[in-house]
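Hello,

Here is the structure I promised to pass on to you. Please open it first and have a look around, then read my notes below.

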Amino acid sequence: MLNAAHDTQALMWITERPDFVMVDGQGSWLVDADGKRYLDFVQGWAVNALGHGHPAMQDALVRQAQRLINPSPAYYNAPSLALAKLLTAHSAFDRVFFANTGAEANEGAIKLARKWGQLNKGGAFEIVTFENGFHGRTLATMSATGKPGWDRRFPPQVDGFPKARLNDLASVEALLGPRTVAVMLEPIQGEAGVVPATAEFLRDLRALTERHRLLLIVDEVQAGMGRTGKLFAHEHAGIAPDIMTLGKGLGGGVPLAALLAREAFCCFEAGDQGGTFNGNPLMTAAGLAVLETLLAPGFLAEVERKGRYLSEKLTALSDAFGLRGERGAGLLRALVLADGRAPALVRLAQERRPEGLLLNAPRPNLLRFMPALTISAAEVDEALRLLRRALRAADGRP
Ligand SMILES: *Cc1c(COP(=O)(O)O)cnc(C)c1O
C-alpha cells in the first residue's frame, strides 16, 4: 500500500496506477515495498529481455559505470562500436544509429526515409503505415500510429502517414503515389493486441516496395531482440528490409534503442541526426550484454520452445474457460477473451495473495503475455495457475 514515504502527488498525472511501489526485482519476480511478490509477465513492457537483475547486465553496467559513463556523442566509445558491429553481423543491415527510446529510433527512421526521398525520389516523403499500428508518442510517431484517433490528438498532426490495412496488399497499393517514399510496419502489431503480419504479406510487401523503389521499414521495437524466438521477427518471413528500428529488449531494461539501415540508404549528412545521450557507453554496454546473451548457443531455440509451451498452456486454458483462443509468436502472446473483462482480470491477478501475477490488457478483450525470455517452465505453470484463479474469481467462483 502507499504510505507517507510514497507521496505520489509530485508526479505529473498521466495514467491510473495500482497502489503499490516496486522496490526489488529478480528474474521473473518483482517485490513491492510491503514484501509482496509478483510474477512478472509485463517485464517493463517487453523490455527486460533477461528478466530483472540479470548478472550479465549488472556486471556490464557496474564495470562500465566504473570506467566511463559519457564521453559525449562527439567521440567514439568502445561499447557502442562493439554493439553496432555485433548487430550488423547478425542482421541484414550495415550501419546503426543508437537512440534512447523506440519513438526516437522511429523518428530517425522517418527522417532517414525522407532524406532518401529528397536525394533520390524528387522529394517524396509519404510513408504508408497501418491501421492499429503503434510507433511511439512523439508528434511524428503518433501521426504514424494507427490507434484510432491518435494521429489527431495533438493537432496539427505531422503530415504524410496514410494508413493501410495489415495483411491487405491492395490497401497498400491503393495509397502509393509519386509522393510515397516508404512503407513502415510492425512485423507483429504489439499494442494492437499481438496481431501478426503474415509471412506471405511481408514477402508481398517486400516485392511491392522493390517494384516501386520504396523503402521497407520494420519497427521491431517490441518484436525484435529474440522476443519471437528469432533474433528479429522479420526473419520468420525470410525477408531483408531496408531499415529496422529496435528498442525495448535491446537495452534489457535501460533506455537504449537503435536505427539500422542497409548501406545504400545511409544518407544522413553532418548535422541531420544526433542526440546528447545517443550511443553512450553505459547503455550500449548493457545492450552488448543482452545481445551476447541472446546469441549464446541454444538461447533462442529455448525461447521458441518456451513460447510453444506457453501457447499450449494458454490454448488449454482457453478451452477450459470457453475463451476465444490465443495467438502470437515466441514469448509475445495474447489470450483472447469472450468479453471485455481483461482490465478486471489484470486487477484480480495482481491483487492475488500471497503472490500476484502482473499482466497487461492492451484491449478490453485481450490479455498480453511478455515474460522475460529467461522464464522457466515452472514459472509459466505458476502464471497459468494464478491466471486460472483470477478467471474463477471473475466468474464469482472460489
Ligand atoms: C513501445 C513501442 C514503441 C515506442 O517505444 P518507446 O521506447 O516507448 O518510445 C514504438 N514501436 C513499437 C512497436 C513499440 O512497441
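Helices (H or I, at least four residues) and strands (E, at least two) are DSSP runs, numbered from the N terminus. Counted that way, the chain has 11 helices and 17 strands. Please keep in mind that this is a predicted model, where local features need pLDDT of at least 70 and side-chain atom pairs count only at pLDDT 80 or more, while totals for chains, interfaces and linings use all residues. Residues are numbered from 1 along each chain as its sequence is written, and side-chain values use heavy atoms, with hydrogens and water left out.

Let's begin with the overall shape. The C-alpha trace spans about 65 × 55 × 45 Å along its principal axes. The radius of gyration, taken over C-alpha atoms, is 21 Å, which agrees with the value near 21 Å for a compact globule of 398 residues (the globule rule is 2.2 Å times the number of residues to the power 0.38). Of the 398 residues, 52% are buried, where buried means under 20% relative accessible area, exposed over 50% and partly exposed in between, with a 1.4 Å probe and protein chains only.

Seven strands make an open, mixed sheet in the order 4-12-11-10-7-5-6; two strands pair if DSSP finds at least two bridges between them. At the edges are strand 4 (95–99) and strand 6 (163–164), each pairing on one side only. Helix 7 (residues 199–211) packs on the sheet and touches strand 5 (126–130), strand 7 (180–185) and strand 10 (215–219). Contact here means heavy atoms within 4.5 Å. Strand 4 runs antiparallel to strand 12 (residues 257–261), and five bridges join them.

Which residues touch the most other members of the largest nonpolar core? They are V172, L185, L367 and L387, in a core of 74 residues. A nonpolar core is a set of buried Ala, Val, Leu, Ile, Met, Phe, Trp, Tyr and Cys residues joined through side-chain atoms within 4.5 Å. Beyond its neighbours within four places in sequence, L387 contacts L314, L317, L335, L357, L359, L367 and F369. A second, separate core has 20 residues, among them A124, I217, A261 and C267.

Finally, look at S311 in helix 9 (residues 299–321). Is S311 buried or exposed? S311 is buried, because its relative accessible area is 16%. Leaving out residues up to four places away in sequence, S311 touches E326 and R333.

Enjoy exploring!

Key
Axes are lines fitted to C-alpha atoms, for helices over the stretch in contact, and angles run from 0 to 180 degrees between N-to-C directions.
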